2 protein chains.
Amino acid sequence: MVTFLSGGTGTPKLLAGVEPVFPAEETTVVANTGDDVELAGHLVCPDVDTVLFLGGDVIDRETWWGIEDDTAVTHDELHRIAADADLAGGPRYLDDEAQTSGRDIARWRRFSGVAEFMHIGDRDRAIHLTRTGLLDEGHSLTTVTRRLADALGVPWTVLPVTDDPVASMVHTPEGEMHFQEFWVARDGEPTVEDVEFRGGAEAVATDAVRDALADPVIVGPSNPVTSIGPMLAVEGVREALEATTVVAVSPFVGEEVFSGPAAKLMAATGREPSTAGVAAAYSFADAFVLDAADETELDRSVVRTDTEMGTAADATRVARAVRDALDRAR
Amino acid sequence: MVTFLSGGTGTPKLLAGVEPVFPAEETTVVANTGDDVELAGHLVCPDVDTVLFLGGDVIDRETWWGIEDDTAVTHDELHRIAADADLAGGPRYLDDEAQTSGRDIARWRRFSGVAEFMHIGDRDRAIHLTRTGLLDEGHSLTTVTRRLADALGVPWTVLPVTDDPVASMVHTPEGEMHFQEFWVARDGEPTVEDVEFRGGAEAVATDAVRDALADPVIVGPSNPVTSIGPMLAVEGVREALEATTVVAVSPFVGEEVFSGPAAKLMAATGREPSTAGVAAAYSFADAFVLDAADETELDRSVVRTDTEMGTAADATRVARAVRDALDRAR
């Protein structure tokens, strides 16, 4: 049994080809929930969903979010109505009082659906409606995720890291904003002063996550700040990682990041934006998989391979390196 | 200036052809909100929406609800997911505590979105998301309805009868159910023991509605129990109707109803299911428009015409009879 920690892009790309090395029935994926939002009253879980859609073989492999060939009739109509009603777009946060009322799971990350700022496809939306309906009926996010995974035919066990609310908040000179505003609405452009995991101090890892983290753990090439960071902020996760064998795949080649805002966010939170910085952040990791061109010297076991993953075959190659690193670390 | 009281089918069919008789800029439509529901967290207002979609010329004229040629990708996917996740359909009421928490406007009529029991088209859904978003941003249903009417290019002033929650509950031998369960999910088949307008005693007509009811009022051929009944239950409406000139169009021809559950619901609530029963229920009406074949004798002024409305020209003919009746009653 192995457990992957996953954000929304790097680790899913790895998961796309792990099967020959890590059989699905022996694999658990713990997904970040720090970038979840409640949009139009529905809980949207971008990282959980990418893992579910990948496992259900419906993921849009161009974007690594959303469902392939999905329509967006409702989303487009929301923008048409907003334009015709003279309602401004952009993230329309609900007010402070509304941020902490109603469903506990959605605290600090509630947005009106008016002129919907995230692109939600019509089939994708059905996932969020079903999830939120089941939450409102009294089920936990863990239970709901299992039901959705079963419905989609996902081969792995997929677990949200916590059933409690954690909101990744980005502090900028313009004020604080939710990570989804920073990344989706603002294209990652605002200057970042700090990143806060609101609710992290009160959130606890689920029992299912604690059990999964007793197995060897693979930290995929995800963004260490906003993908893995929220998970580390949750009570029980860091301790579990320190107690088990952990292999991490660097999302950098030296100081070059493959994709996403990892470098900017690491620099803003006082980390070196590089493989060395990732290794420093992951003090619990026993071994690393680095790119063949990454000359970083680390104080832990290292396996090198071409870590660029454009295809499932690439991912299988990286998975074999992970397997080697796990064998060396144990 | 005239004001129409409207439910979801009979009166909208009349509104479809009133323009030559009652110019839109001098016409207000007060719509029933007793059959509104919160479905998947979004406020759905069937009668308000039928008036908005009619006025915006996007109504589906086969069903008299929803948007013409709308797709239902999300709705269909909700059913596919529910089937794949082994989640039962049917109206999935939230529990008692959830019925009165959160948005006040949605009290006693909250349903999970799982296996969505009402058919909501993709464009139609965008209306509900925008409405609910604006409500969550702090606007009243009256204000939100005006914004939506402007966006859709609706020629009339459209007003929800109240900004307070009123839920039409149908009592049956199987227990109580919301009118939408009775009518949409159960096809109007359960035996009706009584109809209750939950929240009606605390609900008040808006100032805009009170102003509109100072003008001559036309009660369209709507269901007297669940379309007009909830409006009469709201504080300020019955008194206003007693003080102004009111013409009502009977939804019956003698004892035959044109469509819908009016006869069954009238019988269950102790009224004669006929034009005579409608006249008894509408003690505030000064005159009636009856079908040419309706031989009912009434103690008030009567104008007769063919009241079957298949086309806009039919509606114009009925509107002329309404104008005659208003002239006689004043």
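Tutor: A salt bridge is a side-chain nitrogen of Lys or Arg within 4 Å of a carboxyl oxygen of Asp or Glu, and between chain B and chain A the count is 4 salt bridges. This is a predicted model, in which local features need pLDDT of at least 70, side-chain atom pairs count only at pLDDT 80 or more, and totals for chains, interfaces and linings use all residues. Side-chain values use heavy atoms, without hydrogens and water.

Student: What makes the meeting of A:R123 and B:E77 a salt bridge?

Tutor: The side chains of A:R123 and B:E77 meet at 3.2 Å, N to O, and the definition asks for a distance within 4 Å, so the pair qualifies.

Student: Why is helix 5 of chain A called oblique to helix 6 of chain A?

Tutor: The axes (lines fitted to C-alpha atoms over the stretch in contact, with angles from 0 to 180 degrees between N-to-C directions) of helix 5, residues 122–136, and helix 6, residues 141–152, both of chain A, cross at roughly 140° and come within 9 Å. Angles under 35 degrees count as roughly parallel, over 145 as roughly antiparallel and 65 to 115 as roughly perpendicular, and the rest are oblique, which makes helix 5 of chain A oblique to helix 6 of chain A.

Student: How much area do chain B and chain A bury between them?

Tutor: Chain B and chain A bury about 3,000 Å², 64% of it on carbon and sulfur atoms, where buried area is the accessible area (1.4 Å probe) that two parts lose on being put together, summed over both. In chain B, the most area is lost to chain A by B:I81, B:L129 and B:E137, together 16% of what that side buries.

Technical notes:
Residues numbered from 1 in each chain as written. Chains lettered and ligands numbered in written order. Helix = DSSP H or I, 4+ residues; strand = E, 2+ residues; numbered from the N terminus.
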